[in-house]
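The sequence and model come first.

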Amino acid sequence: MDQHYLVAVAVPCPLRRSFHYKVESTEPPQPGQRVRVEFRHQQLTGVITDLPKTADVAHDKLKPAELLDTEPLLDAALLHLCQWAANYYQHPIGEVLAAAMPTNLRGDSQAGLPTETRWQLTIEGLGLPEGAPKGARKQADLLTFLRAGSRRAEDISAAGFSKSVLNGLHDKGLVESVDIAERQTFDAPLGEPPLTLNSEQTAALNAVPATGFWVGLLEGVTGSGKTEVYLQAIEKQLAAGRQALVLVPEIGLTPQTVQRFANRFKVPVGMLHSGVADGGRSETWQRARAGLDRIIIGTRSAIFTPLKHPGIIIVDEEHDGSYKQQEGFRYSARDLAVYRAHQLHIPLLLGSATPSLESLNNAIAGRYQHLHLTQRPAGRQAANLSTLDIRAKQLRDGLAEASIQALRGALQRGEQAMVFINRRGFAPVLMCHFCGWQSKCPRCDARMTLHRQPRHLHCHHCDLQRRVPSQCPDCKAPELTPMGAGTERTEEFLSRQFPDYPVIRIDRDATRSQRQFTEALNEIHSGRPCLLVGTQMLAKGHHFPRVSTVIIVDADGGLFSADFRGTERMAQLITQVAGRAGREQLRGQVLLQTHNGDHPYLQTLIQQGYAPLARLLLSERQLTGLPPNSSMTLLRAESKRPENALQFLQQARQLAEQLMPPSPQFRYLGPLPAAMEKRQDRFRFLLQLQADRRPAMQQFLPRWIAELEQLALAKRVRWSLDVDPQET
Ligand code: ADP
Ligand code: ZN
Ligand code: ZN
């Protein structure tokens with residue numbers, strides 16, 4: 001008999017609430033099931049978040065919701081995580097849930113994998129010693145048989161086990177059936193033996209508990225063996241029948257990391273990153289949910305992967321900016337990982353050679369256990385970092401003579417060398433020498449970059465592309481001059497300078513396809529002498545053992561950045577780039593081209609390294625009350641009419657001050673123009689809020705947002721909240 005049930009549904013819309021519908025069904029619906037609903041004359045797919053007792057509209061006004069799933073697609077833990085995140089970031093729950101699901105499942109497509117029933121050991125079954133259960137030989141043999149991996153019912157009977165033996169184990173809760181095809185089977189979890197850990201690695205590994213909430217910050221210089229610690233921590237979890245979730249910054253660009261996991265373990269490994277097609281993502285997501293994929297490696301959004309047997313979460317390169325979503329639902333996957341580990345009662349390992357000040361602060365305060373790896377494997381030394389004063393020096397396409405000499409020296413010794421330059425394209429601006437015309441973007445407060453491959457002007461902020469004018473648009477002078485250098489120009493210059501050696505460019509343009517990128521990496525790994533030119537993509541996770549020399553073209557950018565994180569980022573970047581050099585027998589040399597060689601930050605970095613500089617920056621943040629010593633939130637607003645955005649923020653500030661009067665513990669700044677005030681024809685402003693205590697901020701935000709939503713201007717400007725912003 002069908003019955004009507006009242007359900008609260010989160011629909012993908014920008015409203016911070018759920019909506020009531022009725023479901024007609026024989027059994028009570030469950031939170032986490034998807035439903036098809038009519039919402040404002042549209043058919044949308046929503047998720048049941050709750051089964052409320054009373055409806056917020058009259059019963060005869062309730063519209064029907066049609067169940068799409070027979071069981072919850074989002075399990076209770078994941079649903080809870082999403083609700084927590086929606087609340088913490090004050091973001092509409094419907095959009096949060098949509099972000100948590102693979103694209104394929106956001107619509108009404110059927111969940112589920114190709115079906116095939118298989119039997120596998122439960123956690124309890126896996127936990128039994130060899131030979132158990134005692135006194136039931138046949139059952140014990142079947143347990144041993146299934147220890148190697150899941151099996152189809154036919155295979156079990158073909159191996160001589162009767163149905164009653166299987167049922168006996170099932171009744172004891174030692175085996176379970178899974179209705180999902182398993183593509184890979186595995187015989188033993190290990191594909192290759194683990195390395196023998198050194199004493200620091202051993203200490204780090206032993207610090208990781210088997211279960212229970214715990215956060216460790218593994219601070220280890222590049223090449224000190226962090227990945228090996230991850231691998232062995234995962235191995236322990238796999239042996240206990242549990243899964244591991246590994247977050248990496250940009251997986252498509254770090255095939256080596258993935259390869260190491262795949263080589264080490266023979267268990268099914270699932271990938272979740274932008275390079276995987278939608279179908280594959282949704283399959284991995286569901287395989288993880290069913291407990292089939294035992295290791296899941298993914299980028300930011302993989303933090304929302306459901307895990308049947310959660311064991312451990314690892315966040316590699318935890319300082320990396322890509323963990324923070326910079327638009328829409330602006331969450332930090334690293335911070336959500338902390339919540340998730342807490343929620344699931346499992347350990348979380350954050351690893352980096354250059355930890356974020358946030359994590360460092362938590363470690364110093366004792367909230368995270370601080371683990372150190374300071375030694376490199378025998379025969380490997382840290383690169384030698386030094387500044388190269390370029391004041392009053394003649395530069396050739398951005399490079400000082402001494403830098404060119406250093407590159408030449410490396411090539412002549414048969415080594416590889418790398419030039420790091422944080423700008424892609426040929427030149428950051430095209431200019432007229434006669435009248436001063438510049439290639440400005442008509443839609444942004446920015447200049448359009450000149451690209452030569454293919455030739456065009458490109459705004460990196462709004463993506464506008466234009467033909468390169470053949471003469472000055474203002475004074476008709478016949479010639480325009482590219483000013484400054486980007487990766488393309490450096491590549492061209494080096495090709496002319498060193499015609500006998502390959503020059504490999506690594507930036508977003510040059511590596512648009514995975515194939516091109518792989519080819520570039522292969523050339524580098526061939527070990528032949530060559531030059532690499534690239535952006536920060538070079539700083540991410542690659543091992544370049546034959547690179548002995550690194551030139552950092554502009555070390556000054558971060559020192560004078562308007563963003564309070566500028567120096568932290570610069571130090572991380574330099575340290576990461578430097579870590580790529582001289583990883584094997586070659587002693588690396590890193591030259592920082594700078595106009596500020598005696599700047600105390602640069603000096604600290606060069607003489608003492610990242611860790612002391614990070615502590616210096618941390619004590620400074622303490623004095624200035626900036627994060628991590630306070631909790632920051634930005635209210636961003638943008639509009640084609642600047643006065644609207646500005647006025648909205650002024651009203652927002654007034655409302656805020658009524659709820660929470662300004663005080664030394666709760667501070668307001670702004671409205672201020674954003675770092676780039678005009679972008680894509682919209683004028684952007686922000687209001688900055690800082691609270692000494694996070695709970696004060698968290699209690700304040702929902703009350704404030706509720707009032708903001710009532711403002712007339714709230715419907716006329718685009719606004720968004722950025723909790724714990726990475727960019728100000
Ligand atoms: P990180 O992740 O800290 O950059 P990796 O884990 O990639 O460092 O280790 C760098 C190199 O050192 C790798 O080639 C790895 O195989 C090797 N290595 C790591 N730990 C050990 C060890 N205990 N014994 C021998 N080699 C090791
Ligand atoms: Zn001109
Ligand atoms: Zn633009």
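## C472 and its group

C472 is partly exposed, with 19 other C-beta atoms within 10 Å; a residue is buried at 20 or more such atoms, exposed at 12 or fewer, and partly exposed in between, with C-beta atoms placed from the backbone. The model is predicted: local features need pLDDT of at least 70 and side-chain atom pairs count only at pLDDT 80 or more, while totals for chains, interfaces and linings use all residues. Residues are numbered from 1 along each chain as its sequence is written, and chains are lettered from A and ligands numbered from 1 in the order in which they are written.

C472 sits in the loop between β23 and β24 (481–483); strands (E, at least two residues) and helices (H or I, at least four) are DSSP runs numbered from the N terminus. Beyond four places in sequence, C472 is in contact (C-beta atoms, placed from the backbone, within 7 Å) with C432, F434, C435, W437, A477 and L480.

An unreviewed UniProt entry annotates C432, C435, C472 and C475 as "binding site". These residues are spread over 44 residues of sequence, but their largest C-alpha distance is 8.6 Å. UniProt positions follow the numbering used here, feature names are shortened, and annotations may be inferred rather than shown by experiment. C435 lies in the loop between β20 and β21 and counts as exposed, because it has 12 C-beta neighbours inside 10 Å. Its contacts beyond four places in sequence are C472, D474, C475 and A477.

C444, in the loop between β20 (429–431) and β21 (449–452), is buried because 20 other C-beta atoms lie within 10 Å. Apart from residues up to four places away in sequence, C444 touches C459, H461, C462, M676, K678, R679 and Q680. C459 belongs to the loop between β22 (455–458) and β23 (465–466) and is likewise buried, with 21 other C-beta atoms within 10 Å. With the same exclusion, C459 touches C441, C444, A446, M448 and L464.

## Ligand 1

Ligand 1 is surrounded by 14 residues, the closest being L195, G225, K226, T227 and E228; a residue counts if its C-beta atom, placed from the backbone, lies within 6 Å. Helix α9 (residues 226–239) gives the most to this shell, with 3 residues.

## Helix α16

Helix α16 (residues 514–525) has 12 residues. G527 follows α16 and has a positive phi, near 85 degrees.

Note on methods
Two residues are in contact if their C-beta atoms, placed from the backbone, lie within 7 Å. The expected span of a helix is 1.5 Å times one less than its number of residues.
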